[in-house]
Amino acid sequence: MESSKRIEKAAEILACGGLVAFPTETVYGLGADASNPEAIAALYALKGRPTSHPSIVHLASTAQLQEWCLEVPDEAILLAAMFWPGPLTMVLKRAPGVLDAITGGQDTVAVRIPSHPVARKLLETFGRGIAAPSANRFGRISPTSAEDVRFEFNDEVMVLDGGQCQVGIESTIIDLSAGGARILRPGMIQEESIRVALSEMQTAASAELTTPRVPGDLPSHYAPKKTVQLVDSGRLTETLAKLLAEGKNAGVLVLSDVAADSSSELRVSMSCSPDVYAFALYKNLRSMDRSDRVDVIVIERPPSSPEWVAITDRLTRAAGERSIVNSEVCGDGT
Ligand code: TXA
Ligand code: MG
């Protein structure tokens, strides 16, 4: 874990308009002062991200919400009490002064209070909102360790080290800005948990909660450099045999040992628990992407039950397929 001194140094860098990468419980973020247009411009330039893409503003406490949001509906107050600090991002109507560079010119802003102790200390020390997309170059896999971030940006930014991210995939994003509640990006806080929380209020939002399932216009490029194939369990053996016949080495992520195949150069058994799977997913994708011994990454498709929705969403994007989950909104590998 990082020392207070290094976190103070990071807060100073942010205050001077610089960039700092920091751990959250989901993935590492590349942070900039969310109120400083030059800092945001530098952030987008380093990430190689189009300026039309909005960023999440990270906060230390709900007291800061009023600086960023025009309205905080009761649903948002309830979800904040239930899930913050934690891996939930809420999209709300933005307050007048919020920069277009943060919102992508929309009239909404995404806000989140992360739970990682280093993120919290940094946010408390800095005292204002930190805009932080995932700390990867545009279109690449989100980093889940300080080493991953250094691999993306070398020594271009200070990196606070908070170990391996516990959740391992990006936060659930819920849009509460237009009346009801709509999940824009599935995450490890599931639709059902949110529905249960909202139903306590007996508002329309719980009944109307949706995760739009529409194919996006663009296949995603949220992906490793290597080809990723997402394969049903029953076709694993056949797929690996075919790759072998083509002289290609497969790196394989399997859920079980059913399809053990000696042709695989690298074979990782992934947990059948979604939480443990998510924790290990990006780490394994990155190491296979880097390995000279792997030509193609083959992933056994997880079950279709609700607790796998967020993971399956990331896997379909990594495979360059059209995710069925709202890919027109968040399917662009940001
Ligand atoms: O777990 C996370 O959410 C991580 C950590 C660092 O907090 N951050 C993250 O940020 O994944 P990023 O920028 O890679 O993805 C944020 C997503 C983007 O797909 C963006 O389009 C969406 O949030 N987003 C941000 N502001 C929005 C808004 N006002 N309306 C709709 N979507 C928004
Ligand atoms: Mg991202």
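1. Buried means under 20% relative accessible area, and exposed means over 50%. The model is predicted. Cysteine 165 has 1% relative accessibility, so it counts as buried.

2. How many disulfides does a search of the whole structure find? The count is zero. A disulfide would be a covalent bond between the sulfur atoms of two cysteines.

3. Next, the ligand site. Ligand 1 is surrounded by 23 residues. The closest are Thr26, His58, Ser134, Ser171 and Arg185. By class, the shell holds eleven nonpolar, eight polar and four charged residues.

4. For threonine 26, an N or O atom of the side chain is 2.6 Å from a ligand oxygen. For arginine 185, the distance from a polar side-chain atom to a ligand oxygen is 2.8 Å. For serine 134, the corresponding value is 2.9 Å. On its own, ligand 1 has 680 Å² of accessible area, and the protein covers 97% of this.

5. Which strand gives the most to the shell around ligand 1? Strand 5 does, with four residues. Strand 5 spans 108-112. Strand 3 (56-58) and strand 9 (182-185) also supply at least two shell residues each.

6. Is serine 171 buried or exposed? Its relative accessible area is 2%, so serine 171 is buried.

7. The side chain of serine 171 makes a polar contact of 2.8 Å with the side chain of threonine 89. Leaving aside residues up to four places away in sequence, serine 171 touches several others, including Ile56, Pro87, Leu88, Arg112 and Arg314. Thr26 and Arg185 are also among the residues touched by serine 171.

8. Two backbone details are worth checking on screen. Tryptophan 84 and proline 85 are joined by a cis peptide bond, with omega about -10°. Proline 85 lies in the loop between helix 4 (74-83) and strand 4 (88-93).

9. The other detail is asparagine 154. This residue is not a glycine, yet its phi is positive, at about 45°. Asparagine 154 is placed in the loop between helix 7 (146-153) and strand 7 (158-159).

Technical notes: Residues are numbered from 1 along each chain as its sequence is written. Chains are lettered from A and ligands numbered from 1 in the order in which they are written. This is a predicted model: local features need pLDDT of at least 70, side-chain atom pairs count only at pLDDT 80 or more; totals for chains, interfaces and linings use all residues. Side-chain values use heavy atoms; hydrogens and water are left out. A residue is near a molecule or strand if one of its heavy atoms lies within 4 Å of it. A polar contact is a pair of N or O atoms within 3.5 Å; within protein, one must be able to donate a hydrogen and the other to accept it, and residues adjacent in sequence count only if both atoms are side-chain atoms. Accessible areas come from the Shrake-Rupley method with a 1.4 Å probe; for residues, only the protein chains shown count as cover. Ala, Val, Leu, Ile, Met, Phe, Trp, Tyr, Cys and Pro count as nonpolar, Asp, Glu, Lys and Arg as charged, and the others, Gly among them, as polar. A disulfide is a pair of cysteine sulfur atoms within 2.5 Å. Buried means under 20% relative accessible area, exposed over 50%, partly exposed in between (1.4 Å probe, protein chains only). Contact means heavy atoms within 4.5 Å.
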